[in-house]
Amino acid sequence: SNIEEGELKKYLVKQGYNDILIGKAIHGLKTVANDSNDALYEKNKKVYELLIAGINVQEEPSKPSETVKLFDWENFENNDFAIAEEVTYQGNHEKRPDVVLYVNGIALVVLELKRGSVDIGEGIRQNITNQQDRFIKDFFSTMQLILAGNESEGLRYGTILTPEKFYLKWKEDINDNSRLPLYKYLNKICSKERLMELIRDFVLFDAGVKKLPRPHQYFGIKRAQPFIDRKESGIIWHTQGSGKSIVMVLLAKWILANYHNARICIITDRTELDKQIRDVFDNAGEKIYRAKSGGDLMEKFAATSPRLMCSLVHKMGERGEKEFEEYMRDLKEKDIKIHGDLFVFVDECHRTQSGKLHSFMKEKLKKATFIGFTGTPLLKKDKKTSQDVFGSYIHTYKFNEAVHDEIVKDLVYEARDVDQEITSQPKIDAWFEKKTASLNEYQKSLLKKKWATMQNVLSSKDRLQKIVNDIEFDFGVKERLSSQRGNAMLVAKSIYDACRYYELFQSSSLRGKVAVVTSYNPSTRDIVTEDNGEATETQKESIYNTYDRILKDVNEQAGKSKAEVYEDWAKEKFIKEPANMKLLIVRDKLLTGFDAPSCSYLYIDKSMKDQGLFQAICRVNRLDTDDKEFGYIVDYMDLLDEVNGAISVYTSELDTENFTKEECQVLMKDRLKAAKKRLEDALEKVALICENVLPPKGTEEYINYFCGNTEIESDLKEREGKRMKLYQAVVSLVRAYANIAGELTEAGYTKQEIERIDEEVEEYIKVREIVKSASGEKLDLKTFEADMQGLLDKYVNAKPAEVVQSFEDMTLLDIVVTYGIHDAINSLSSVIRSSNPAIAETLENNVRAKIIKDHLIDPKFYSEMSKVLDQLVKERKENALEYEAYLEKIRKLIDDIKRGTADVLPPSIKTHALRALYNNLGKNEQLALDVNEAILDSRRADWRGNLAAENEIKKAIYSIINRVEEVNSLFEIVKEQKEY
């Protein structure tokens with residue numbers, strides 16, 4: 001069980017509880033843990049709350065209730081720890097987790113172990129499968145950590161319902177190489193104190209997802225705890241996308257749990273960040289009060305509640321930032337009273353704009369402890385103010401560390417130039433003179449200056465249209481954007497440009513999948529002076545009219561304007577439905593604190609620099625599906641120096657006593673350089689996989705290395721890992737090649753190098769095909785990559801005779817039966833077709849794979865077919881058959897296998913199931929018909945896996961056959977028949 005009553009009772013007796021309280025507490029825990037009405041997430045969450053807080057029970061109605069504590073969280077050694085190996089759990093199907101860790105008789109950790117030669121993913125997938133309804137889901141109702149490991153890859157950790165790609169690696173004491181990583185990190189994570197601490201302080205239930213900390217989050221909080229103990233301020237610098245909000249929630253929970261007089265206020269300086277922080281805490285079950293105004297916040301400081309608050313930082317300056325100085329002078333005469341110990345968390349604490357406000361807060365809230373959070377290192381110009389307010393760094397987790405740990409994606413930079421030229425200066429001059437005839441020279445000069453600025457030149461419709469065309473082209477050809485999984489953001493230099501971009505995209509293929517999100521909220525006040533004809537007002541009218549069209553069918557909601565409702569809709573669709581919201585056009589909004597894993601490209605058409613630029617480009621560095629390999633930055637403003645400087649400026653101005661340049665450096669990769677390196681790495685990887693193939697590295701040598709003796713199933717099984725690595729490496733190579741195939745010269749390759757690369761890519765594709773065919777594994781390339789065929793057709797193999805797959809998803813056996821043996825042979829590669837033995841082995845191994853796969857459906861028939869195949873192979877190898885005679889015999893064998901019989905069947909044996917019964921009941925026609933009828937009469941709906949229903953079918957068969965052993969073997973065949 002996941003709750004061993006005897007062990008739990010023994011522990012509770014030691015703690016001094018009587019039998020009545022113990023019995024009621026255990027009953028209460030098991031009731032929650034075994035509640036069949038709750039999904040696993042809800043059940044696990046309820047159990048967790050009982051594990052942490054204890055169970056309230058009443059000994060008898062006349063007595064007050066008591067809390068029975070299931071663990072001693074303060075003195076961890078006071079708990080009873082146990083390890084159980086191969087725990088057999090009876091669920092819908094019996095399962096045996098390898099290792100289970102129990103504390104006080106309650107299962108808290110499960111560990112699946114694999115041999116070093118077996119991929120660690122198998123252990124992870126086994127854990128995931130075990131949590132399904134049809135297996136042992138209920139066993140996981142108490143589980144907190146779920147581990148998988150092997151000696152070659154180490155250890156991965158997750159919790160209930162964690163998808164495979166989110167199983168994490170621990171990282172600690174990286175210079176300690178005294179043990180294999182598996183044992184090193186099992187000792188770290190599962191030491192008694194660490195395990196109990198992780199469960200108590202670092203588990204988060206976040207809007208339907210149970211989460212555990214990444215190592216940098218755990219150590220960030222551990223480093224912060226002594227600061228909190230000393231009431232010392234400091235800064236936590238965790239790079240963009242690494243989960244600062246989670247750190248805030250976990251640290252706040254720890255403070256509130258350990259300091260009963262503590263109050264926490266979380267300060268942000270942008271509305272969307274304020275809302276995001278509130279949502280994160282609400283999702284985690286922590287009630288947070290959102291201050292309505294600066295005055296409201298001050299009142300709450302003086303009151304005894306709430307304990308957890310959030311506010312916009314500019315609410316400290318209630319009348320807005322323009323009147324902030326005056327407001328500060330007014331408040332200097334007033335005292336702000338604080339009840340309890342106030343801890344102030346300030347998000348994005350690096351902002352220069354907020355420095356004065358932070359300083360003022362520090363001055364007025366003298367007894368408060370300030371913890372600053374930032375995703376970027378502090379610039380020298382911000383540093384003094386920030387460190388005066390917040391103090392020193394508590395913990396850092398830098399961009400390059402996050403990329404190395406695969407927590408965020410690295411960034412690729414590409415500058416694109418949109419040339420502009422004046423096509424007819426005389427016409428422009430003539431138009432200007434005519435329109436300004438009534439103005440004096442000074443007025444004309446002012447007007448020329450106003451409209452000759454770079455801002456307006458860069459906003460010409462022709463230029464914007466070219467950028468729209470460029471982005472639309474990317475959505476057609478860039479793998480990540482053309483899929484249903486990736487989308488992009490476009491940063492415009494003004495609200496006017498953002499609206500013009502939106503209108504232009506309405507005439508593109510992205511129509512209906514584009515939204516514009518800015519700070520603009522339409523009001524008729526914006527266009528009251530439109531009739532004076534000034535160009536700036538015309539821009540306002542254009543903005544107003546665009547928003548008027550966008551918001552026409554949007555309804556206001558309580559506390560939200562139409563624009564706010566539309567923005568929330570666009571953001572949610574962008575995050576949750578990337579296929580239906582491909583592009584967000586923004587100006588300043590969503591460039592900080594907006595996390596959309598699907599966002600893969602950021603198009604920049606706005607001058608940006610320093611932290612603002614760094615935060616913007618980090619919108620595309622979030623992890624997503626495997627096909628997202630980088631975050632791409634496309635720059636239309638020639639910001640290369642600014643992009644490179646967005647981090648290098650920090651490194652030059654950082655306190656060199658604390659950080660080295662290398663620690664802080666973010667390498668913005670040139671697109672072609674990155675693509676070139678990716679191609680060369682992919683070529684090298686495939687070459688290493690094929691390195692040990694014996695010369696001359698022909699068809700026979702590749703088959704021997706990756707398949708062994710293709711007639712021996714154990715050889716194929718033993719080399720399966722090698723083949724999988726080859727297949728995946730070639731897929732990666734084709735993708736890398738396709739990404740740069742049209743630009744190999746621009747990437748710096750010579751003509752000879754390009755020819756060599758083309759040949760190598762084509763050769764490795766052929767090798768992959770040979771190995772797949774020889775091993776009898778599925779022919780079509782879509783098994784590994786849905787769009788690989790398109791890439792091959794486009795970049796590698798356009799000759800009709802060399803098409804790798806011309807029969808869509810048909811197997812080789814299907815092609816033989818449908819089109820004939822020679823068409824099937826023609827569907828193979830030229831390398832295989834050039835060798836009669838290679839053709840024969842390919843055909844034989846596809847037949848053998850079919851026999852092995854379908855053997856249980858009709859054991860008698862497939863055993864006979866296997867003998868026929870063995871004899872045919874023997875005759876071929878002994879040269880007892882001419883090639884054409886061999887082909888005719890193999891065709892006949894394939895035809896028999898597809899028909900399911902080598903004989904003429906009685907007319908009554910009409911179905912696949914009847915045929916299987918007939919073959920396995922000594923070809924007794926009447927007996928097969930009687931058993932078939934008995935099965936049809938006795939079967940229930942969904943009988944498979946239902947022991948009682950299965951026994952009814954066995955009983956019906958037994959009434960005809962009367963031999964238990966034969967009934968059991970026949971029943972296994974019955975289970976394989978789809979007709980039943």
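## The overall picture

The protein is built with 41 helices and 23 strands. What you are looking at is a predicted model. Of its 980 residues, 51% count as buried.

Among contacts with a separation of 6 or more, 68% are between residues 24 or more positions apart.

Let us start inside. The largest nonpolar core has 79 residues, and the members that touch the most others are L29, I266 and F345. Helix α8, which covers residues 244-258, gives the most to this core, with 10 residues. Apart from this core lies another one of 68 residues, including A515, V554, L591 and Y636. As general background, nonpolar side chains in soluble globular proteins tend to be buried together.

Leaving out residues up to four places away in sequence, I266 touches M248, I277, F281, I288, L308, M309, C310, S311 and F345.

Is S311 buried or exposed? S311 has a relative accessible area of 0%, so S311 is buried. M309 counts as buried because its relative accessibility is 0%; the cut-off for buried is under 20%.

S311 touches I266, I267, T268, D274, A291 and L297. M309 is in contact with R263, I264, C265, I266, I288, Y289, L297, K300 and F301. The C-alpha atoms of M309 and A291 are separated by 6.9 Å, and these residues are 18 residues apart along the chain.

## Aromatic rings

Now for the rings. The count comes to 22 aromatic pairs. One of them joins W170 and F219: the pair is tilted, with 5.9 Å centre to centre and 55 degrees between the planes. This pair links distant parts of the chain, 49 residues apart: W170 is in the loop between β7 (154-158) and α5 (181-189), while F219 is in helix α7 (residues 215-230).

How buried or exposed are these two? W170 is buried, with a relative accessible area of 6%, whereas F219 is partly exposed, at 21%. The cut-off explains why the words differ, because buried means under 20%. W170 and F219 also belong to one aromatic cluster with Y157, F202 and Y218.

## Where two helices cross

Helix α7 has a neighbour to look for as well. The axes of helix α6 (residues 192-201) and α7 come within 13 Å and cross at roughly 95 degrees. Angles of 65 to 115 degrees count as roughly perpendicular, and therefore α6 and α7 are roughly perpendicular to each other.

Which residues in α6 and α7 meet? R194, E197 and L198 in α6 meet Y218, F219 and K222 in α7. Y218 and F219 are also among the members of the aromatic cluster.

## Charges over rings

Finish the tour with two lysines. The charged end of K722 sits over the ring of Y705, 4.0 Å from the ring's centre. The charged end of K772 sits over the ring of Y727, 5.5 Å from that ring's centre.

How values were computed
Residues numbered from 1 in each chain as written. Predicted model: local features only at pLDDT ≥ 70, side-chain atom pairs only at ≥ 80, totals over all residues. Heavy atoms only, no water. Core = buried A, V, L, I, M, F, W, Y, C linked by side-chain atoms within 4.5 Å. Buried < 20%, exposed > 50% of the residue type's maximum accessible area, 1.4 Å probe, protein only. Helix = DSSP H or I, 4+ residues; strand = E, 2+ residues; numbered from the N terminus. Contact = heavy atoms within 4.5 Å. Phe/Tyr/Trp six-rings, centres within 6.5 Å; stacked < 30°, edge-to-face > 60°. Lys NZ or Arg CZ within 6 Å of the ring centre and 35° of its normal. Axes fitted to C-alpha atoms, helices over the stretch in contact; angles between N-to-C directions. Parallel < 35°, antiparallel > 145°, perpendicular 65-115°, else oblique.
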